[in-house]
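Here are my notes on the model, point by point. Please read them with the coordinates open.

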Amino acid sequence: MSSITLRILPLRCINVLTPRLYSNVLLASYTQHQQHINQFTAFRYRASYSTSQTAARTPPPPPPQRQDTEMAEPTGLIAKSGIELLTFSTPNGYKASILLEELKAAYGKDYTFQSIHIGKNTQKQPWYTALSPNGRIPVIVDHDRGDFAVFEGLSILGYLTRHYDPEHKFSFPVDSDDYSVSEQWISWQHGGLGPMQGQANHFLLFAKEKIAYGAQRYVGETERLYGVLDKRLEGRDYVAGPGKGKYSIADISLLGWVNGVVMIGIDLGKQFPNVQAWFDRCSERPAVQKGFAIPFESPFGNKDVLKARAEDPEKKKAAEETLKFLNDSKEKYGYKYSSP
């Protein structure tokens with residue numbers, strides 16, 4: 001992802017922001033700013049960086065400074081108990097980290113995380129694909145249940161709430177209609193919004209050649225899907241649940257994706273105000289804020305992208321050129337917004 005400045009991260013690892021294409025985005029920005037990496041320490045989050053209940057109350061000290069710019073990649077699991085999360089700062093990765101932070105706050109459930117650098121193909125190593133056959137992030141390993149591994153965000157949300165949300169604070173009883181409604185909207189995200197927005201990112205921002213049809217096709221479909229979500233949230237506080245809804249994994253599954261729409265020219269406040277109000281509401285939760293920082297805060301979040309454009313004339317100009325290309329592409333192929 002690249003016309004936006006990558007705030008230098010405690011970079012240790014990279015993985016997928018779009019379902020299959022976001023990795024190219026992060027890797028592009030990582031390469032662009034490689035010369036600055038030596039200002040920061042890359043490190044593995046070992047036991048002392050476990051997000052245990054104690055660690056939540058006492059922030060870990062900053063990692064020791066190193067002289068080298070590279071750091072050995074993870075070569076296996078590091079925890080012996082609790083949940084171990086292998087992830088990166090992407091929309092799919094945030095599904096797991098936000099829910100784990102919610103479970104930690106609600107029940108004191110410990111977890112440990114490691115950051116997986118897809119730029120070095122760590123996620124393709126045999127030890128990793130033994131846990132996640134598809135070679136993507138996130139994956140969790142439940143050391144309290146025989147080191148059981150779960151991959152794919154949708155599956156992780158279901159697994160964690162089935163086993164560690166006994167009071168259904170973030171889920172619904174399996175025999176309830178609300179459970180089915182939540183499941184439907186998570187499936188909608190998993191099979192629709194995520195993949196379409198990922199393709200929009202690729203064709204509009206990162207494809208090696210500008211393909212007008214692909215750009216307007218996938219941005220248009222992403223807009224259509226946000227229209228569906230905006231309609232769902234009309235008169236509601238949350239996606240699923242009785243009345244105005246209850247905050248749940250149906251919301252958590254969407255948060256990372258909604259936080260990346262500015263890059264593709266979508267203005268939530270103007271186009272989808274119900275989605276904007278819902279996102280602001282969810283973002284006030286401390287666990288959401290903490291989850292968005294695991295393993296680090298993405299530089300591609302809506303606020304950071306807007307800030308970068310405001311502070312850097314070149315980035316503002318690049319964004320304006322991208323938007324013009326998109327609008328010209330829509331006009332060329334006769335795109336007209338319609339939802340559903």
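1. Start with helix H12 (residues 302-311) and helix H13 (residues 313-332): their axes come within 5 Å and cross at roughly 115 degrees. H12 is therefore roughly perpendicular to H13 (65 to 115 degrees; under 35 is roughly parallel, over 145 roughly antiparallel, the rest oblique). Axes are lines fitted to C-alpha atoms, for helices over the stretch in contact, with angles from 0 to 180 degrees between N-to-C directions. Helices are DSSP runs of H or I, at least four residues, numbered from the N terminus.

2. Which residues of H12 and H13 meet? Ala308, Arg309 and Glu311 in H12 touch Pro313, Lys315, Lys316 and Ala319 in H13; contact means heavy atoms within 4.5 Å. The contact divides into three nonpolar, no polar and four charged residues (nonpolar: Ala, Val, Leu, Ile, Met, Phe, Trp, Tyr, Cys and Pro; charged: Asp, Glu, Lys and Arg; polar: the others, Gly among them).

3. This is a predicted model; local features need pLDDT of at least 70, side-chain atom pairs count only at pLDDT 80 or more, and totals for chains, interfaces and linings use all residues. Residues are numbered from 1 along each chain as its sequence is written, and side-chain values use heavy atoms, without hydrogens and water.

4. Check the confidence. The chain's mean pLDDT (the predictor's confidence in each residue, 0 to 100) is 85, and 79% of residues reach 70 or more. Residues 1-25 have pLDDT below 50, with 130 contacts beyond near neighbours in sequence. Residues 28-69 are also below 50, with 77 such contacts.

5. His163 sits in helix H5 (residues 153-164). His163 is partly exposed, at 34% relative accessible area (buried is under 20%, exposed over 50%, partly exposed in between; 1.4 Å probe, protein chains only). His163 and Arg145 are 18 residues apart in sequence and 9.9 Å apart in space, C-alpha to C-alpha.

Conventions:
Helices (H or I, at least four residues) and strands (E, at least two) are DSSP runs, numbered from the N terminus.
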